[in-house]
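Welcome! Please take a moment to look at the model below, and then we can walk through one part of it together.

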Amino acid sequence: MPPEKLEIFKSLEGWAQENILVHLKPVEKCWQPQDFLPEPESEGFYEQVKELKERSKGIPDDYFVVLVGDMITEEALPTYQTILNTLDGIQDETGASCTSWATWTRAWTAEENRHGDLLNKYLYLSGRVDMKQIEKTIQYLIGSGMDPKMENNPYLGFIYTSFQERATFISHGNTARLAKDHGDLKLSQICGTIASDEKRHEIAYTKIVKKLFEIDPNDTILALANMMKKNISMPAHLMYDGQDDDLFQHYSAIAQRLGVYTAKDYADILEFLCQRWNVKNLTGLSGEGSRAQDFVCGLPPRIRRLEERAQMWAKQASMIPFSWVFNREINV
Ligand SMILES: [Fe+2]
Ligand SMILES: [Fe+2]
């Protein structure tokens, strides 16, 4: 990034302290995974585990596949922290740097870390899934990393994180709703609690991008168009369990079928963000900036049309074995 752009992030230090760090929750006020899980120290531990297993019996395998995929996505957190620290002007220079940006990234990571922990422990105790296969998938995924095409550019980085926080807010919200439908209120509460963290993170990241639109509308709209042209790749798209080369496609097909996360959500998220950032009414843009603005504003209806056509041509459903549920076959 050119030096004058780096300056922007330096000059926003104080702003970030007052406007972004306030969206973190003090550790003492945070929920922890243990708040939702059987208490290993208590006499009633085995009884509580039995109840948890009982409740999970009403939940079908396809739901578990989606929940496992969501959990694995959360568990690849080291990758996301690494990516944030590739961004010029905001990265954590030492590992314990005191800038607002580095402080945010570390505390954000620490908050996120509870998501994978809680889902992992719940799934382990449920006895419904093949933990060893899941653990292998996580190890493969963290080992393969990912390149979301941010080019070390924090404009692209914060647009991507805004998108992703909203996407996870939606998908955890939907797994909460479905768990309730299946009669597991505890699991519903678990997913809903995680969703509310994602919402808080979405508010923080979208606020940063809103600020960038205020002080540098032209480069910010160019960054948004750039990110959307590349497609927002899903964080866990390189997942592999040692068996299924199309594991991510199969998992996303089920998420789509169950309505946990769909192509329509992708278009809705973009539309939501455009509204939040008032993209339609940006003024004072260069010719290139105006073209980027038109492109972005026209994109949600285009994505929806493409999606409808893809649905029409969608191949017939097939049964695919998932190692995460002991190779039982699931309708994809
Ligand atoms: Fe998360
Ligand atoms: Fe998140």
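**Around the metal site**

The iron ion (ligand 2) and the iron ion (ligand 1) lie 3.5 Å apart, and Glu112 coordinates both; donors here are N, O and S atoms within 2.8 Å of the metal (3.2 Å for Na, K and Ca), and as water is not among the atoms, sites may look incomplete. This is a predicted model, in which local features need pLDDT of at least 70 and side-chain atom pairs count only at pLDDT 80 or more, while totals for chains, interfaces and linings use all residues. Residues are numbered from 1 along each chain as its sequence is written, chains are lettered from A and ligands numbered from 1 in the order written, and side-chain values use heavy atoms, leaving out hydrogens and water.

Let us start with the iron ion (ligand 2). Glu112, Glu165 and Glu198 coordinate this ion through OE atoms at 1.9 to 2.1 Å, and along the chain its donors are spaced as E-x52-E-x32-E.

Now follow Glu112, which sits in helix α6; helices are DSSP runs (H or I, at least four residues), numbered from the N terminus. Glu112 counts as buried because its relative accessibility is 5%, buried meaning under 20% relative accessible area (1.4 Å probe, protein chains only). Glu165 is also buried, at 4%. Beyond neighbours within four places in sequence, Glu112 is in contact (heavy atoms within 4.5 Å) with Glu74, Leu77, Glu165, Glu198 and His201.

That brings us to His201, in helix α9 (residues 185–215). His201 is buried, with a relative accessible area of 0%.

Definitions and conventions: Buried < 20%, exposed > 50% of the residue type's maximum accessible area, 1.4 Å probe, protein only. Helix = DSSP H or I, 4+ residues; strand = E, 2+ residues; numbered from the N terminus.
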